[in-house]
Amino acid sequence: MSTVEDITSENAFTTHISSLPPTTTIIISFHTPWAAPCAQMSLILKTLASSYPPQTPPTVSFLSLDAEALPEISESYDVTA
């Protein structure tokens, strides 16, 4: 079962993205720790990730990052409240 990887820095994000094959589908959940809808979506994302078996190389990658802690990444994907 695949898992959701918490991204805590720009370097971790860049490293993870660049390590994936170009055919990998990347699902990114931008969230804030104080928003209840984000917590609900987190559970849905974890459930969805668990339905994918881990593969090498990965065909899908699930990422979670705090939009407020990593504003540069959020802005580059036009994430707004």
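Throughout this section, a contact means that heavy atoms lie within 4.5 Å. The structure is a predicted model, in which local features need pLDDT of at least 70 and side-chain atom pairs count only at pLDDT 80 or more, whereas totals for chains, interfaces and linings use all residues. Residues are numbered from 1 along each chain as its sequence is written, and side-chain values use heavy atoms, with hydrogens and water left out.

The secondary structure of the chain amounts to three helices and three strands, where helices (H or I, at least four residues) and strands (E, at least two) are DSSP runs numbered from the N terminus. In sequence order, these elements give the pattern β-α-β-α-β-α. The chain has a radius of gyration of 13 Å, close to the 12 Å that the globule rule gives for 81 residues, so it is as compact as a globular protein of that length; the radius is taken over C-alpha atoms, and the rule is 2.2 Å times the number of residues to the power 0.38. The C-alpha trace spans about 35 × 25 × 20 Å along its principal axes. Of the contacts between residues at least 6 apart in sequence, 81% join residues at least 24 apart.

The chain exposes about 5400 Å², of which carbon and sulfur atoms supply 60%; accessible areas come from the Shrake-Rupley method with a 1.4 Å probe, and for residues only the protein chains shown count as cover. Buried residues make up 28% of the 81 residues, with buried meaning under 20% relative accessible area, exposed over 50%, and partly exposed in between (1.4 Å probe, protein chains only).

The largest nonpolar core has six residues, namely Ile 7, Phe 13, Leu 63, Leu 65, Leu 70 and Ile 73; such a core is a set of buried Ala, Val, Leu, Ile, Met, Phe, Trp, Tyr and Cys residues joined through side-chain atoms within 4.5 Å. Apart from this core lies another, of five residues, among them Val 4, Ala 49, Val 60 and Phe 62. When neighbours within four places in sequence are left aside, Leu 70 is in contact with Ile 7, Thr 8, Ser 9, Glu 10 and Leu 65.

Ile 28, in strand β2, counts as partly exposed at 22% relative accessibility. With neighbours within four places in sequence again set aside, Ile 28 is in contact with Phe 13, Leu 63, Leu 65 and Tyr 77. Ile 28 and Ser 64 are 36 residues apart in sequence, while their C-alpha atoms are 5.8 Å apart in space.

A search of the whole structure finds three aromatic pairs, the criterion being that rings of Phe, Tyr and Trp (its six-membered ring) have centres within 6.5 Å, with planes under 30 degrees apart counted as stacked, over 60 as edge-to-face and the rest as tilted. Phe 13 and Tyr 77 form an edge-to-face pair, at 6.2 Å centre to centre and with 90 degrees between the planes. Because Phe 13 lies in helix α1 (residues 10-19) and Tyr 77 in the segment after α3, this pair ties together parts that are 64 residues apart in sequence. Phe 13 is buried, with a relative accessible area of 8%, whereas Tyr 77 is partly exposed at 44% relative accessibility. The ring centres of Phe 30 and Tyr 77 are 5.8 Å apart and their planes are at 45 degrees, so the pair is tilted; this pair links Phe 30 in strand β2 with Tyr 77 in the segment after α3, 47 residues apart. Ring pairs link Phe 13, Phe 30 and Tyr 77 into a cluster.

Not counting residues up to four places away in sequence, Ser 74 touches Phe 30, Ala 67 and Val 79. Thr 32, in the loop between β2 (25-31) and α2 (36-50), is buried at a relative accessible area of 12% and, under that sequence exclusion of up to four places, touches Cys 38, Asp 66 and Glu 68.

Backbone geometry was considered last. Most residues other than glycine have a negative phi, and most peptide bonds are trans. A cis peptide bond, with omega about -5 degrees, joins Thr 56 and Pro 57, and Pro 57 is placed in the loop between α2 and β3 (60-66). Asp 78, although not a glycine, has a positive phi of about 55 degrees; Asp 78 lies in the segment after α3 and is exposed, with a relative accessible area of 66%.
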